[in-house]
Amino acid sequence: MVRVNDKENILRYIDQVLQGNINAYTYIIDRHKDKAFNLAFRICCNREDAEEIAQDSFLKAYRALGSFKRKSSFSTWLYRIVYNTAVSFVRVNKKEILSLEDFPADAIDFLGTGISEEEADIEYRRSLINFALQKISEEERGLITLYYYNELDTEELSAVTGISRSNIKVKLFRARQKMLQIFENSEKKRNIPYEYSAGI
């Protein structure tokens, strides 16, 4: 989460941008670019597309900066732009997703030069989480990312997505259940008993 001092700094830079100092927007981008990209990436599951979505979102935010009412934090306002841009992009550009049969059955598939078995297993788990995210809807991916990775509460999630708090809880529960089922199916294929929670 952005600290109070950071929020105050961002508001000052927003004022500078609105007063004509375009360079001040660079600071705003630098403070939010990583989380904006990560949100876009987890929704669209493609690095190049995520970069395009993040850039498009910052451009949209710049053009709409005068409409930012400051009732919520700037990051919440920006996340809404990124979320909507990414979800719309995915719905327009549907891409084929790998089936579970195409996913590696063991961490050994991730072994490479200079990487240990433990590191390979960590990479396997990370890849499985990303794979599971691809198998749920773009809306669910956005909710999971904002809740677990960006640490937004349900009230902030509602502000970002426009979904009611009660409905968000239902959608998060269903998304978690879908991902856990994918983890379980993968472990059956791998034939090694292991519980994947990863904070989900």
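Helices (H or I, at least four residues) and strands (E, at least two) are taken as DSSP runs and numbered from the N terminus. On this basis the protein chain follows the pattern α-α-α-α-α-α-α-α along the sequence, with eight helices and zero strands. The model is predicted, so local features need pLDDT of at least 70 and side-chain atom pairs count only at pLDDT 80 or more, while totals for chains, interfaces and linings use all residues. Residues are numbered from 1 along each chain as its sequence is written, and side-chain values use heavy atoms, with hydrogens and water left out.

Of the 200 residues in the protein chain, 40% are buried (under 20% relative accessible area, 1.4 Å probe, protein chains only). The accessible surface of the chain (Shrake-Rupley method, 1.4 Å probe) is about 11500 Å², and carbon and sulfur atoms account for 47% of this area. With contact defined as heavy atoms within 4.5 Å, 66% of the contacts between residues at least 6 apart in sequence join residues at least 24 apart.

Helix α3 (residues 47-63) packs against helix α4 (residues 74-92) at an angle of about 135°, and their axes are 9 Å apart. This angle makes α3 oblique to α4, where oblique covers what remains after roughly parallel (under 35 degrees), roughly antiparallel (over 145) and roughly perpendicular (65 to 115). Axes are lines fitted to C-alpha atoms, for helices over the stretch in contact, and angles run from 0 to 180 degrees between N-to-C directions. The contact involves Asp49, Glu52, Ile53, Asp56, Ser57, Phe58, Lys60 and Ala61 of α3, together with Trp77, Leu78, Ile81, Val82, Thr85, Ala86 and Phe89 of α4.

Conventions. Buried means under 20% relative accessible area, exposed over 50%, partly exposed in between (1.4 Å probe, protein chains only).
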